[in-house]
Amino acid sequence: MSRPFTLFNTLTGKAEPLSIIEPGHLRFYCCGPTVYSHAHIGNFRSFLTADLILRTAQAIGWKTTYVTNITDVGHLTADDTIDPSGEDRMAKALRSKEGEGFANVWDLARYYANSLIEDWRTLNLREPDVRPRATEHVREQIRAVEQLVAAGAAYQTTNGVYFSVPSFARYGALSGNMAANSLETAVRSVVVDPEKRDPRDFALWKMDPGHLMQWHSPWGWGFPGWHIECSVMAQLYLGPQIDIHTGGEDLIFPHHECEIAQAETLTGSPFARHWVHTRFLQVEGKKMSKRFGNFFTVRDLVAPSRDSGRGIAPLALRLALMAGQYRKPFNFTFATLNDSARHAQRFTDAAALVKGYTDRNGSDTIGDRLSDSYNRALDAMLDDLNTPAAIAAALDGVKVIFGARNTMSGASARAGIHFLEQINALLGIVSHESEDTTRGGVDPLAEKVEVLIEERTEARRAKDWVRADAIRDEISALGIELMDSSAGTTWRRKTELTS
């Protein structure tokens, strides 16, 4: 390893080399989404941070155990504050126009969980070792709440079971919300249970007869609080202590603060050594919002235009979301997306170029320069996931490949293939690592284009030129440029995109 793997630690407020519990084995947890709708690109920027941590750790030879959850119960509309109030996000979604197609909240949860996994693969994110669902771990959550009650850190009211914040002296260390009076002021407006002992206390178990998902517990029928889910699932699959916990910056308080209090009370040991948070994403300089018309899901951007999408190459979208370092606020623009589309095409073209020269004679003339480019990309990722520098180094390597195209030997071509494979393993921006199209596929536009090209080829064989030209126009309308040659028809996306 050329240098330590350094990440900014929210808990200490500074960038620190990772000090993992078991040498050579990284254990980490990423907070997944609540599956009441399609995940948006801001969600996926946070998931990309975890993916890049995973890839970087694996690039330096570490074993990894990676867990990211699906929240399919328990997340209420007021969970951004400390005391869950309001209504369940999935119950609210079931009453929406989109929810009309689902028989019940369980079907809705399954549908959007499957949607998440499809979009995950579309953006070339590596699969976690475990993707636990909250509804499948209610028994473990009940046991954890029982232990907290037995330890005197939680208590029951008529409406639920609450964690006693005063029982945990370090509450607020992650977010900096240390002063009891400021915390009380922040949550006073959403305190809904008069039996709570302290306004800061948060729900571990809720009793609500109107809630659509219910389980029997020692305290009666109810459902788990949002915060207890992640503490329990992280420790179940990763052990009492983990190396890294990641998520969006909106989760620092109260969610991650509450996770720490629960987990450390249960074990008596520090929960996570390193806390990594991804900053918010804006779109064209504004907060992403349906009201502003700038709210995008992955499928909004990747799906073909005739399916109400924009036909953007999935790896171009991945590149665009990586264009800014995770720790800085990021303004997602169509100008950035245009640049990323051109860069993605450069990687595609470079891969096609080197594959065509492997059978030539001659010595390697570019391997050393490509190794230098890769090492610079790896060093950038080890330096707090500096993705802009890593992408620049990867593009430098592509420039080397194109610079040698007129004198390319088989040995140089193989060095180019090796470089692109290394870059893809590190950054995931050259080609999809999974071509499984049985569960959603990786690029819906590509599938449509290939079908249309086959139809056009058949029309040309039959000398039906009117039909062939009509298909070509249809393909062009999808933002695709065709190139005909004696070897057949190839295609590429037009890189200029509009907002």
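The structure is a predicted model, in which local features need pLDDT of at least 70 and side-chain atom pairs count only at pLDDT 80 or more, while totals for chains, interfaces and linings use all residues. Residues are numbered from 1 along each chain as its sequence is written, and side-chain values use heavy atoms, with hydrogens and water left out.

**The cavity**

- The structure holds 1 cavity of 30 Å³ or more, where a cavity is a set of points, on a 1 Å grid over the protein atoms alone, at which a 1.4 Å probe fits but cannot get out.
- The volume of the largest cavity is about 80 Å³, a volume being the space filled by probe spheres set on the grid points, which are joined across faces, edges and corners.
- The largest cavity is lined by R45, L48, T49, L52, L321, M322, G324, Q325, Y326, L385 and T387, and lining residues are those that have an atom within 4 Å of a point.
- Two or more residues of this lining come from each of the elements α1 (41–59) and α9 (314–322), and α1 gives the most, with 4 residues; helices (H or I, at least four residues) and strands (E, at least two) are DSSP runs, numbered from the N terminus.
- The lining divides into 6 nonpolar, 4 polar and 1 charged residues, with Ala, Val, Leu, Ile, Met, Phe, Trp, Tyr, Cys and Pro counted as nonpolar, Asp, Glu, Lys and Arg as charged, and the others, Gly among them, as polar.

**The cysteines**

- The count of disulfides comes to 0, a disulfide being a pair of cysteine sulfur atoms within 2.5 Å.
- For C30 the closest cysteine sulfur is in C31, at 6.8 Å, which is too far for a bond, and C30 counts as buried because its relative accessibility is 0% (buried means under 20% relative accessible area, exposed over 50% and partly exposed in between, with a 1.4 Å probe and protein chains only).
- For C230 the closest cysteine sulfur is also in C31, at 3.7 Å, again too far for a bond, and C230 is buried at 1% relative accessibility.

- H245 lies in strand β9 (residues 242–248) and is buried, at 0% relative accessibility.
- Leaving aside residues up to four places away in sequence, H245 touches Y29, C31, H256, E259, F271, A272, H274, W275 and V276, where contact means heavy atoms within 4.5 Å.
- N338 sits in helix α10 (residues 334–355) and counts as buried at 9% relative accessibility.
- N338 and A316 are 22 residues apart in sequence, and their C-alpha atoms are 8.4 Å apart in space.

Technical notes
On a 1 Å grid over the protein atoms alone, a cavity is a set of points where a 1.4 Å probe fits but cannot get out, and a pocket is an open set with protein on both sides within 12 Å along at least five of seven lines; lining residues have an atom within 4 Å of a point.
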